[in-house]
Amino acid sequence: MRTTTVGDVTILLPDLDPEDLDQITDLPDDDLHDGLMQDVSWRGQQIADRNFRGCRITEADLGEINWEGGALYGCEIVRTDLSGAALTGVNIERCSVTGSRLTGSRLIDVRLKDVLFGNCRFDYATLNRVSAAGSVAFTDCTLVHGTWSSCRLSGVALRSCDLSDLELESCRLDGADLRGNRLHAFAAPLDNLQGVALTENQLPELARMAVDALNIDVRADASRGHGR
């Protein structure tokens, strides 16, 4: 295992050597250990209660897969297409997902622990009841037009991401590190952002959100330029 640090978050990650892994081309019928899936196409496949451990998936087509139950542990997913995928009740631990596309994906009742998402596309993705049970980070990710609801993501790091038009509803982000993100048109109830970390140059966007949330009527000062 290796570690990486994003902001104040330190994540335990796998350190896999492809030479030590068995080449896999077909979706197995049982749990999978120490497998290398490269350039495979499992688009639209159904996966139920299956565990992948110590596996590396690279440049694969997993678009529109439907994965229910089971777990990913100690896995690396690299430059893989997961657009339109649905993951329900899956535990993801000590995994890295980098350079991958999750456009329109749906993560429901997913538990994350020691997970890094790096340079991934989550545009139009839906996260529902996703929870962070340990260190989790999103870095250099595109999260635009996504919807996150009833998520428990306390202490996560979202760094250098585009959050434009990302909508949060009933999410807990207390202690989350949101420094360095684009917050243009970011939509979240203010109580969802309690205790987050921001930089000074993000405060104007936070002020905009407060004005919108409180329905404040901002007007010009009519008395300016007039004597008493």
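How many cavities of 30 Å³ or more does this structure hold? The model is a predicted one, and the count comes to 4. Before looking inside those spaces, consider the protein as a whole.

The protein has 228 residues. Its C-alpha trace spans about 85 × 30 × 25 Å along the principal axes. The secondary structure consists of 19 strands and 1 helix. Contacts along the chain can be sorted by how far apart the partners are in sequence. Among contacts between residues at least 6 apart, 11% join residues that are at least 24 apart.

Next comes the surface. The protein exposes about 11,400 Å², and 43% of that area is supplied by carbon and sulfur atoms. As for the residues themselves, 46% count as buried.

Now return to the empty spaces. Rolling a probe the size of a water molecule over the atoms shows where empty space is left. In this model the largest cavity holds about 180 Å³ of space. What lines the largest cavity? The lining is made of 16 residues, and those nearest the centre of the cavity are Leu72, Ile77, Leu82, Leu87 and Ile92. Two strands, β8 (66-73) and β11 (91-98), each supply at least two residues of this lining. The largest share comes from β11, with 3 residues. By residue type, the lining of the largest cavity divides into 15 nonpolar residues and 1 polar residue, with no charged residues.

The cysteines are the last topic. A disulfide is a covalent bond between the sulfur atoms of two cysteines. How many disulfides does a search of the whole structure find? The search finds 0. Cys95 is in no disulfide, and the nearest cysteine sulfur, that of Cys75, lies 4.7 Å away. A pair of sulfur atoms must be within 2.5 Å to count as a disulfide. Cys95 itself counts as buried, because its relative accessibility is 3% and buried means under 20%.

Is Cys141 buried or exposed? With 2% relative accessibility, Cys141 counts as buried.

Definitions and conventions. Residues are numbered from 1 along each chain as its sequence is written. This is a predicted model: local features need pLDDT of at least 70, side-chain atom pairs count only at pLDDT 80 or more; totals for chains, interfaces and linings use all residues. Side-chain values use heavy atoms; hydrogens and water are left out. On a 1 Å grid over the protein atoms alone, a cavity is a set of points where a 1.4 Å probe fits but cannot get out, and a pocket is an open set with protein on both sides within 12 Å along at least five of seven lines; lining residues have an atom within 4 Å of a point. Grid points are joined across faces, edges and corners, and a volume is the space filled by probe spheres set on the points. Helices (H or I, at least four residues) and strands (E, at least two) are DSSP runs, numbered from the N terminus. Ala, Val, Leu, Ile, Met, Phe, Trp, Tyr, Cys and Pro count as nonpolar, Asp, Glu, Lys and Arg as charged, and the others, Gly among them, as polar. Buried means under 20% relative accessible area, exposed over 50%, partly exposed in between (1.4 Å probe, protein chains only). Contact means heavy atoms within 4.5 Å. Accessible areas come from the Shrake-Rupley method with a 1.4 Å probe; for residues, only the protein chains shown count as cover.
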